[in-house]
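Reader: I am new to this structure. Could you take me through how its helices and rings pack?

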Amino acid sequence: MLHERITNIGAAEAGQNRASLDEVALVRRVAQGDGAAFETLYGCYYPRLTRFLGRVTRQPQLVEEILNDTMLVVWRKSHTYDLSSKVSTWIFAIAYRRTLKALKRADRVLEFDPEDDVSPVKSGPEGEFIQQELRAFLSRTMTALSAEHRAVIELTYYQGYAYQEIAEIMGCPIDTVKTRMFYARRRLKALLTDHEEVKV
């Protein structure tokens, strides 16, 4: 049984390594001006970046613009990719920097429609009411966090990055990532506690 689990882990790691090598090959082809390779890379990252950008900006109207800006940088700067990090870390770092620039330009109240984020748990009027309340609460809660704190939450829990990779993406020391996570969790916990007290 243990041998089987080790074999499965080895196979999963081999699959991840192959995927990483495939992405590196794609970036190299993009650097040579291969449009088909760029389209493939774009297609691979579109869903992940859309989710990440939506959660960090909380402004759906900015997502497509930032995503396209990000991929334009990937197209233009693919020759600078140096294998010092995973391709995904490199691309998410570009997306994060483009996000911060876009938020500075936008300089307006953050808005977000969480309809797409939460699927109904129960059916019927009671379930729909609970879902509406939960959507509104999650929207308010995440909006109460800074973009940096939302990015740490998104990269950790929804994208599966380790703190070291998040530090590379955000261009800051790993201790800063840990501190941002600490404050984000503390803020979320306080908001959740307040929400529960109001309901009682």
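Reader: Which hand does the crossing of α2 and α4 have, left or right?

Author: This is a predicted model, where local features need pLDDT of at least 70, side-chain atom pairs count only at pLDDT 80 or more, and totals for chains, interfaces and linings use all residues. Residues are numbered from 1 along each chain as its sequence is written, and side-chain values use heavy atoms, with hydrogens and water left out. Helices are DSSP runs of H or I, at least four residues, numbered from the N terminus. A crossing is left-handed if the near helix is turned anticlockwise from the far one by less than a right angle, and right-handed if clockwise; for α2 and α4 the crossing is right-handed.

Reader: How are α2 and α4 oriented to each other?

Author: Their axes come within 11 Å and cross at roughly 40°. Axes are lines fitted to C-alpha atoms, for helices over the stretch in contact, with angles from 0 to 180 degrees between N-to-C directions. Angles under 35 degrees count as roughly parallel, over 145 as roughly antiparallel, 65 to 115 as roughly perpendicular and the rest as oblique. So α2 is, relative to α4, oblique.

Reader: At what angle do the axes of α2 and α3 cross?

Author: Helix α3 spans residues 60-77. The crossing of α2 and α3 is right-handed, and the two helices are oblique to each other. Their axes come within 9 Å and cross at roughly 140°.

Reader: Why is the pair of Tyr-45 and Phe-92 called edge-to-face?

Author: Rings of Phe, Tyr and Trp (its six-membered ring) pair if their centres lie within 6.5 Å; planes under 30 degrees apart count as stacked, over 60 as edge-to-face and the rest as tilted. The centres of Tyr-45 and Phe-92 are 6.5 Å apart, and the pair is edge-to-face because the planes stand at 65°.

Reader: How many residues apart are Tyr-45 and Phe-92?

Author: Tyr-45 sits in helix α2, and Phe-92 in helix α4 (residues 87-106). The pair links distant parts of the chain, with a separation of 47 residues.

Reader: Is Tyr-42 buried or partly exposed?

Author: Buried means under 20% relative accessible area, exposed over 50%, partly exposed in between (1.4 Å probe, protein chains only). Phe-38, at 16%, is buried. Tyr-42 has 22% relative accessibility, so Tyr-42 counts as partly exposed.

Reader: Which residues do ring pairs link into a cluster?

Author: A search of the whole structure finds eight aromatic pairs. Phe-38 and Tyr-42 form a tilted one, 6.2 Å centre to centre with 55° between the planes. Ring pairs build a cluster from Phe-38, Tyr-42, Tyr-46 and Trp-75.
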